[in-house]
Structures are given as structure tokens and as C-alpha cells.
Amino acid sequence: ALEIVGRVEGLAPGERLSSARFLSTGGFLVPFRQVDPLFALNLSNPAAPRVVGELKIPGYSDYLHPLGENLLLGVGRSVATNPWGGVTPSAVQVSLFDVSDLADPKVIVQKEFGGYGSWCEVSETHKAFAIHPNGRTVAMPMTLTAANAGSSQAVSMSPQFDGIVVL
């Protein structure tokens, strides 16, 4: 039987959940509308999970992967403001977070690859993500347009790169 033993509600009203990762007694959730809040959860008591930290950064991560005990890699998209006041996914965005203190997650580094129309297969197929046994090298397939490709579908988005990015 699957029974609900605890819940966290009201994190980001009106937003959708982009990714989740649960590790030991902690967990991470990323909803998205315009800004990517990374919520850090204390799950040590399953009957009373609670948000203990939050980090807001532009864009969103739709895949999260632990790198050791204190690091979390996020793969997703940066965003650009469109002419109608909303946001449009833009470049591929890879973020490295320090999650050693759940109450105070931090961005160590954040990189953008390509421009509007760029894509990382990991966003839809998490098996496309590869990590070297040393835990310090990752690889993922990306199709990248020029960094100045704009933010409109009317702009030509011919790939400038289609291959594997190793970080």
C-alpha cells in the first residue's frame, strides 16, 4: 500500500515542479515560472518534512544530480524576457550548487551554452547524463545554436554544435 505519511504544501503557488532529487535525509525541489527557486528540504522525519532553505536564480533546472555529499548539479535552461512580459527558455544552463548547508544553498558556478533554441537531451531523457567514476567529470549531449540567436522563433536557429559536452 502507498500511504502519504507527510507532505510539504504551498511552496510555489501557480508554478509547476521541474525537478526533484531526494538524498538521504535531504531533498531538493525546483518549480518554475520565471525564477528558479531551489528548495532544500529536511526529510529526517518523513511525517514532518520541511523546507529549510531556498535559493532563487534566473532560469530553471529540470534535472538535478548529486556530485558527492555536498554538491548538486542542475541542468536546465536560462530564460530571457519576451516582448509580452513573460519569459522564454533560452540557452542551456548548467549550475553547480553547494548544498553542504541545507539552510543556505549556494551557487558555485553557472554556465550557459548556446542561445535561443539550444537543447540538452538530459532535460527529457535523464539516461543521457553520464558521470565518470571519479565523480568530477560529467558528459551530456547538447545541440547548441549561436549565443546571439535571439529570442524569437522567427530567427534562424541552425545548430552551431551538435555533440557531447564534457564538464
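The legends below describe close-up views of a predicted model.

View 1. The chain contains twelve strands and zero helices. Read from the N terminus, its elements run β-β-β-β-β-β-β-β-β-β-β-β. The radius of gyration is 17 Å, close to the 15 Å given by the globule rule for 167 residues, so the chain is as compact as a globular protein of that length. Along the principal axes, the C-alpha atoms fill a box of roughly 50 × 40 × 35 Å. Of the 167 residues, 38% are buried. The chain exposes about 9,300 Å², and carbon and sulfur atoms supply 52% of this area. Among contacts with a separation of 6 or more, 44% are between residues 24 or more positions apart.

**View 2. Strands β1 and β2 form a hairpin.** Strand β1 (residues 16-23) runs antiparallel to β2, and seven bridges join them. One of the facing pairs is Ser-19 with its bridge partner Val-30 in β2. Two residues lie between the strands of this hairpin, and Ser-24 takes a positive phi near 50°. Ser-18 also belongs to β1. With a relative accessible area of 14%, Ser-18 falls under the 20% cut-off and is therefore buried. Beyond its neighbours within four places in sequence, Ser-18 is in contact with Val-30, Pro-31, Phe-32, Tyr-60, Ser-61 and Asp-62.

**View 3. Strand β2 is covered on both faces.** Seven of the seven residues of β2 (residues 26-32) are buried, so the strand is largely enclosed by the rest of the structure.

**View 4. Four strands make an open sheet.** The strands stand in the order β5-β6-β7-β8, with antiparallel pairing. At the edges are β5 and β8 (106-113), each with a single partner strand, so one side of each has no neighbour in the sheet. From one strand to the next, the twist averages 25°. Strand β7 (residues 87-98) pairs with β8 over seven bridges in the antiparallel sense. Ser-95 stands opposite Gln-110 in β8.

**View 5. One aromatic pair is present in the structure.** The ring centres of Tyr-63 and Phe-129 are 5.2 Å apart and their planes meet at 50°, so the pair is tilted. Tyr-63 is in strand β5 (residues 60-67), while Phe-129 is in the loop between β9 (119-120) and β10 (130-131), so the pair ties together parts that are 66 residues apart in sequence. Both partners are buried: Tyr-63 has 7% relative accessibility, and Phe-129 has a relative accessible area of 10%.

**View 6. Met-142 is a buried residue in a strand.** Met-142 is part of strand β11 (residues 138-144). Its relative accessibility is 1%, so Met-142 counts as buried. Not counting residues up to four places away in sequence, Met-142 touches Val-92, Val-94, Phe-113, Trp-119, Cys-120, Phe-161, Asp-162, Gly-163 and Val-165. The C-alpha atoms of Met-142 and Glu-121 are separated by 6.3 Å, and these two residues are 21 residues apart along the chain.

Key: Residues are numbered from 1 along each chain as its sequence is written. This is a predicted model: local features need pLDDT of at least 70, side-chain atom pairs count only at pLDDT 80 or more; totals for chains, interfaces and linings use all residues. Side-chain values use heavy atoms; hydrogens and water are left out. Rings of Phe, Tyr and Trp (its six-membered ring) pair if their centres lie within 6.5 Å; planes under 30 degrees apart count as stacked, over 60 as edge-to-face and the rest as tilted. Buried means under 20% relative accessible area, exposed over 50%, partly exposed in between (1.4 Å probe, protein chains only). Contact means heavy atoms within 4.5 Å. Two strands pair if DSSP finds at least two bridges between them. Axes are lines fitted to C-alpha atoms, for helices over the stretch in contact, and angles run from 0 to 180 degrees between N-to-C directions. The radius of gyration is taken over C-alpha atoms; the globule rule is 2.2 Å times the number of residues to the power 0.38. Accessible areas come from the Shrake-Rupley method with a 1.4 Å probe; for residues, only the protein chains shown count as cover.
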